Amino acid sequence: MEEKTHAALRRRRRTSSRRRDWIFAVLILAGLALWGVLEWQTPAPPEPGVTVSEESLTRSEPFYRYQAPGVTALAGVDVSGYQGSIDWPAVKAAGADFAMVRVGFRGYGTGALVEDNAFAQNAADAAKAGLTVGVYFYSQAVTEEEAAEEARFVVERLRGTNVSGPIAYDLEFYTADEARTDDLTGEQATQNAIAFCDVIRQAGYEPVVYMNLHWAGSMYGMEELAHLPVWLASYGPVPALDRGVTLWQYSESGVVDGIEGPVDLDLWFTKE
């Protein structure tokens, strides 16, 4: 009887041990699976932007050209309804490779979201002429919720278009009149940019944050924006950002066939 009892105890111990081993194995597999899902869902940080070298830059007319090992640089314009009717085949023939088209804006006083009156025409005609098309939205968001709302507004208007270039968040101070963003802090502006770009990226597009050196140095928290590409407005000297840039708006007074009056000129850098 005692031997039978000891044998039963040994069997129970072996069964209990096997059960613990099985549970432990399941927990390990579940942990690995969860880690894989989280790793898949976490986007890899983007490549740092390009550090623009004056030696590799040709300041030609109407578009600058840039040649450096491992870098492709496209020439382009950024436009809005202010440019009126644009002859996009002429812009292409003048040497443009891409266009950043304003998709809309938030009113600096009313806060209303408004589609640019030339967006649909510009996006369609520029793509038809052979240019890669990106867009920008002029923000006056004062909260993350408003910035995300602006991004959803943009995504809705991209449906059915040939837009495949960057989607830019353009938050600037409006100086011609009192504006809803007059008291915006740098911390809030940074969170707004992140909120906008998160929605854009989740929709399958590549976001970029437009800024000048003042915003880069005194407003935006650049460490918090380290995962986002930069579109820098810098007229004259080459961009002076340690992290480099993805787009460089180098002129606000360009003259290009097919566009009436002055127009912004840009270079778009990608690493090969």
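Predicted model: local features only at pLDDT ≥ 70, side-chain atom pairs only at ≥ 80, totals over all residues.
A salt bridge here means a side-chain nitrogen of Lys or Arg within 4 Å of a carboxyl oxygen of Asp or Glu.

- Arg-106 and Glu-150 pair up through their side chains, with N to O at 2.7 Å. That links distant parts of the chain, since Arg-106 sits in strand 4 and Glu-150 in helix 4, 44 residues apart.
- Arg-106 also meets Glu-149 in a salt bridge, this one at 2.9 Å, N to O.
- Put together, shared partners join Arg-106, Glu-149 and Glu-150 into one network.

**How buried the network is**
- Arg-106 counts as buried because its relative accessibility is 4%, under the 20% cut-off.
- Glu-150 is buried too, at 0% relative accessibility.
- Glu-149 comes out as partly exposed, at 33%.

**The Asp-97 and Arg-65 pair**
- Asp-97 and Arg-65 form a salt bridge between their side chains, at 3.6 Å from N to O. The two are 32 residues apart and tie together distant parts of the chain: Asp-97 is in the loop between helix 2 (88-93) and strand 4 (98-106), and Arg-65 is in strand 2 (residues 65-66).
- Both ends are partly exposed, with Asp-97 at 23% relative accessibility and Arg-65 at 33%.

Note on methods: Residues numbered from 1 in each chain as written. Heavy atoms only, no water. Helix = DSSP H or I, 4+ residues; strand = E, 2+ residues; numbered from the N terminus. Buried < 20%, exposed > 50% of the residue type's maximum accessible area, 1.4 Å probe, protein only.
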